[in-house]
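Biologist: I would like to go through this model with you. Could we take the salt bridges to begin with and then turn to the helices?

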Amino acid sequence: MSEITIASYTAIIGASLLVISQILQRFLIEPIQEYRKLRGDIAYTLIMYAVVPVMENDPDFRGIAHKHKEHLRSLASNLRRHIEIIPFYGLFSILGIVDSKKRVIKASQSLVGWSNSVRRNSEKHRDSVADVLGIDWRGKID
């Protein structure tokens, strides 16, 4: 083989590997990273919104509660969205890379329940979200 042929093959193989790695990055790795970030956002929300019922005497409570409701529903919607976005979701859940569809749907339902009960009895929904997703938001030390 001539040097030009070898260089051509090397360039084609290199370009092919680049394209394959970009496809894997864009369609597999990034959606999974976004899902992990969403779990982090939910952990953050569990801590930050735990104080909302205590704020009921605050004159701005109605506006704050409305914002919290919207945010909680957005988190619930995004959880379900990731089931559709991540290719081979079932395989990744079996491998433990993402939560099972059943757990994600349950967490999403609990987030919606929490948004519906921001003013009252929201603790059971918060605890359900944390339990289903395995988030220790209370900082328990064993």
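Biologist: In which helix do E30 and R26 lie, and how many residues apart are they?

Modeller: Both lie in helix 1, four residues apart, which is about one turn of the helix. Please keep in mind that this is a predicted model. The side chains of E30 and R26 meet in a salt bridge, at 3.7 Å from N to O.

Biologist: How many salt bridges does a search of the whole structure find?

Modeller: The search finds three. Another of them joins the side chains of D41 and K37, at 3.5 Å from N to O. D41 and K37 are four residues apart in helix 1, so about one helical turn separates them.

Biologist: What is the relative accessibility of D41, and what is that of K37?

Modeller: D41 has 30% and counts as partly exposed. K37 has a relative accessible area of 54%, and because the cut-off for exposed is over 50%, K37 is classed as exposed.

Biologist: Which residue forms a salt bridge with D99?

Modeller: The partner is R39, and the closest N and O atoms are 2.7 Å apart. D99 lies in the loop between helix 3 and helix 4, whereas R39 lies in helix 1, so this pair ties together parts that are 60 residues apart in sequence.

Biologist: Is that pair buried or exposed?

Modeller: D99 is buried, and R39 is buried as well.

Biologist: Turning to helix 4, what are its length and its span?

Modeller: Helix 4 covers residues 101-116, which makes 16 residues. From first C-alpha to last, helix 4 reaches 23 Å, close to the 22 Å expected at 1.5 Å a residue.

Biologist: Which of its residues are buried, and what do they pack against?

Modeller: In helix 4 the buried residues are V104, A107, S108, S110, L111, G113, W114 and S115. They pack against helix 1 (3-48), helix 2, helix 3 and helix 5 (123-133).

Biologist: And how many residues does helix 2 have, and how far does it reach?

Modeller: Helix 2 has 25 residues and reaches 35 Å from its first C-alpha to its last. That is close to the 36 Å expected at 1.5 Å a residue.

Biologist: Which residues of helix 2 are buried, and which helices do they pack against?

Modeller: F61, A65, H68, L72, L75, A76, L79, H82 and I83 are buried in helix 2. The helices they pack against are helix 1, helix 3, helix 4 and helix 5.

Biologist: Where is F88 found, and what is its phi?

Modeller: F88 is found in the loop between helix 2 (61-85) and helix 3 (89-94). Its phi is near 60 degrees, a positive value in a residue other than glycine. At 60% relative accessibility, F88 counts as exposed.

Biologist: One more topic, the surface. Which residues form a nonpolar patch there?

Modeller: The patch is formed by M1, I6, Y9, I12, I13 and L17, which together have about 690 Å² of accessible area. Among them, L17 lies in helix 1. L17 is exposed, with a relative accessible area of 54%.

Definitions and conventions: Residues numbered from 1 in each chain as written. Predicted model: local features only at pLDDT ≥ 70, side-chain atom pairs only at ≥ 80, totals over all residues. Heavy atoms only, no water. Helix = DSSP H or I, 4+ residues; strand = E, 2+ residues; numbered from the N terminus. Buried < 20%, exposed > 50% of the residue type's maximum accessible area, 1.4 Å probe, protein only. Expected span 1.5 Å × (residues − 1). Contact = heavy atoms within 4.5 Å. Patch = residues over 30% accessible without salt bridge, like charges linked within 9 Å, V, L, I, M, F, W, Y side chains within 5 Å. Areas by Shrake-Rupley, 256 points an atom, 1.4 Å probe, with all protein chains shown as cover. Salt bridge = Lys/Arg side-chain N within 4 Å of Asp/Glu carboxyl O.
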